[in-house]
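Me: I would like to go through this structure and ask, point by point, what lies behind each label. Could you show it to me before we start?

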Amino acid sequence: MQRKLKTKRTGRGGVLAAALMAGVLTMSACAGESAADGTVYVQAVGGDPMTLGLNAQFVSAPISQLFSSQIMDPLIRISDDYKISPGLAKEWQVSPDGLDLTLQLREGVKWHDGKPFTAEDVKFNFEEIVPLQTFGALLAERIKSVEVTGASTVVVHLDKPYGPLLETVAQQFMLPKHVYAGTDYVTNEANKKPIGTGPMKFGSYTPGQEVVLVKNPDFWEGEVRVDRAVFTVMADPNSRAEALFAGEIDEAVLDPSQQARVSTDPNAQLLTHGMFPQVVIMMQNTKSEYLKDPAVRAAVFAALDRDAIAKTALSGLGTATNAFFPKTLDWAINPDIDFSRDFPRDLDAINKALDEAGFERGSDGTRFTLKARYITPLSEVAKTAQMAKSMLAEVGIATELIGTSGAVYNEKMYTESDFDLSFLRTNLGADPSIGITRWYECNEKKTAAANPSGVCDPEIDAAAAAALNTNDKAKRGEAFKKMQAKAKELMFFAPLAWFTGSFSTISTARWQGHDKPQAPPERKAWLTMSPKQ
């Protein structure tokens with residue numbers, strides 16, 4: 001018998017969710033290798049995953065990362081609190097000069113199609129696949145050669161040290177050489193039906209409706225406790241919320257406005273893990289006629305009440321920033337920077353600074369108008385922009401808010417530089433050199449999701465390069481501190497609030513133990529969760 005889900009009827013949203021779930025169970029019954037009465041874990045996703053594909057090696061998108069984290073494995077793992085642990089490599093060693101990474105691989109690991117995972121697979125990945133991944137490309141530029149020195153030993157030789165070496169390797173999902181060799185890697189059909197070594201295997205895909213994963217009975221780390229995982233498409237955030245509160249789905253990302261309800265529901269829980277730290281940021285275009293002067297940019301930043309934004313726009317699911325780096329990266333924080341001290345929200349002082357910069361108020365009380373862009377579906381960012389509009393008006397700065405889709409936002413921001421201000425939610429990545437620094441370094445090529453401000457400062461670029469070119473953590477920390485000092489002086493990019501509202505919310509109505517942190521961060525607790533009786 002198919003294991004039934006609890007299906008309460010709780011209004012229009014619950015009825016819709018129940019209808020969707022009926023379809024889920026019908027279509028999942030033939031998903032593959034699990035028993036007919038097997039356990040099912042259901043997560044709602046906001047859009048069709050296959051639009052971008054399931055292979056995060058070739059697509060830098062959260063939805064692809066989600067699926068790759070279940071199906072594939074990296075050689076080295078990293079948690080969302082930056083702890084390194086073994087993956088497909090049980091041990092590793094970096095030479096004192098930082099030029100050699102020796103990896104000792106696990107033995108007896110099999111790909112999902114039954115073929116053995118080997119050192120040749122690892123060599124193939126470093127030589128052919130890693131260069132095509134967003135962060136891997138930076139590492140690949142420094143790889144001189146890859147050598148198989150034993151049945152389970154691979155040595156990666158670099159021509160110069162690479163600061164975030166282990167963190168970058170931890171971002172690379174291993175792909176099977178026998179499936180990809182001799183093909184066009186990016187268009188290989190296996191990207192839609194990935195073959196990995198992870199705890200879950202690809203089961204089936206129904207366009208616009210769901211992706212089903214099935215348990216890997218031969219997973220090298222232990223017994224997978226879930227027979228099937230159904231990722232069902234629910235584009236409407238209210239429907240996702242109603243389905244989760246009704247116990248009809250087990251996990252979803254909810255709008256921050258729903259978290260007040262989550263906090264009072266005994267079967268709902270907002271996770272505090274599952275991805276690298278998130279942050280809501282403000283960017284300024286230094287080519288704007290109004291924002292050329294660093295003093296004006298500093299005044300704009302100071303005018304924003306970060307505590308109010310964290311409390312109201314982020315529904316209390318965030319903490320106001322007081323530095324460029326979060327506390328979790330304490331080794332890299334510049335202790336001489338204090339936003340509250342350096343950029344106080346002193347309206348008299350801010351007005352004076354704007355007057356002295358030559359932007360006195362007009363007869364209507366307005367100094368100038370800034371075009372502010374944001375991505376509409378990111379509700380917490382939209383609310384941040386709306387609050388910023390009100391706060392800036394207090395010092396005579398008008399704003400034209402422009403919310404668009406992500407695609408339009410990227411075009412206008414990074415390609416056309418058609419903005420004055422911008423608000424965005426982003427994540428900090430596995431290491432500052434492959435996450436944070438991209439917002440400060442020169443971006444003459446106008447790469448998306450990187451510094452759009454027009455600033456190309458030699459001191460910032462030199463500091464970022466120094467942090468990249470050594471594996472000495474203390475030296476890397478000093479370089480990052482120099483970068484932050486210059487960023488404070490120029491003030492073109494700044495975090496407003498560290499944000500936790502983008503993490504998943506889970507229902508504990510049917511499952512227990514699925515709230516345990518994992519590495520990779522997006523992986524589910526397949527080995528420890530269990531169904532409630």
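This is a predicted model: local features need pLDDT of at least 70, side-chain atom pairs count only at pLDDT 80 or more; totals for chains, interfaces and linings use all residues.

Reply: Happy to. Helices (H or I, at least four residues) and strands (E, at least two) are DSSP runs, numbered from the N terminus. Residues are numbered from 1 along each chain as its sequence is written, and side-chain values use heavy atoms, with hydrogens and water left out.

Me: Why is Gln57 called buried?

Reply: Its relative accessible area is 1%. Buried means under 20% relative accessible area, exposed over 50%, and partly exposed in between (1.4 Å probe, protein chains only), so Gln57 at 1% counts as buried.

Me: What makes the link between the side chains of Gln57 and Gln172 a polar contact?

Reply: The separation is 3.3 Å. A polar contact is a pair of N or O atoms within 3.5 Å; within protein, one must be able to donate a hydrogen and the other to accept it, and residues adjacent in sequence count only if both atoms are side-chain atoms. The 3.3 Å value is within that limit. The Gln57 side chain also has a polar atom 2.8 Å from the backbone nitrogen of Phe173.

Me: Which residues does Gln57 touch, not counting those up to four places away in sequence?

Reply: Among them are Ile129, Leu132, Gln171 and Leu175. Contact here means heavy atoms within 4.5 Å.

Me: Is Glu360 buried or exposed, and how do you know?

Reply: Glu360 has 58% relative accessibility, so it counts as exposed, the cut-off being over 50%. Glu360 is found in the loop between helix H12 (347-356) and S15, and it touches Asp355, Thr366 and Arg367, leaving aside residues up to four places away in sequence.

Me: How do you know that the buried residues of helix H15 (residues 458-468) are on the same side?

Reply: Those residues are Ile460, Ala463, Ala464, Ala467 and Leu468. They cover an arc of only 140 degrees around the axis, which puts them on the same side of H15. The arc is that of the directions from the helix axis to the C-beta atoms. These buried residues pack against helix H16 (473-490).

Me: And what holds for helix H14 (residues 406-415)?

Reply: There, Tyr409, Met413 and Tyr414 are buried. What covers them includes strands S13 (278-284) and S17 (421-427).

Me: Why are S4 and S6 called edge strands?

Reply: The open sheet has four strands in the order S4-S5-S7-S6, with antiparallel pairing. Strand S4 (89-94) and strand S6 (143-150) each have a single partner strand, so one side of each is left without a neighbour in the sheet.

Me: What makes S6 and S7 a pair?

Reply: Six bridges join them, and they run antiparallel. Two strands pair if DSSP finds at least two bridges between them, so six bridges meet the requirement. One of the bridges links Gly150 to Thr153 in S7, and a hairpin of two residues joins the strands.
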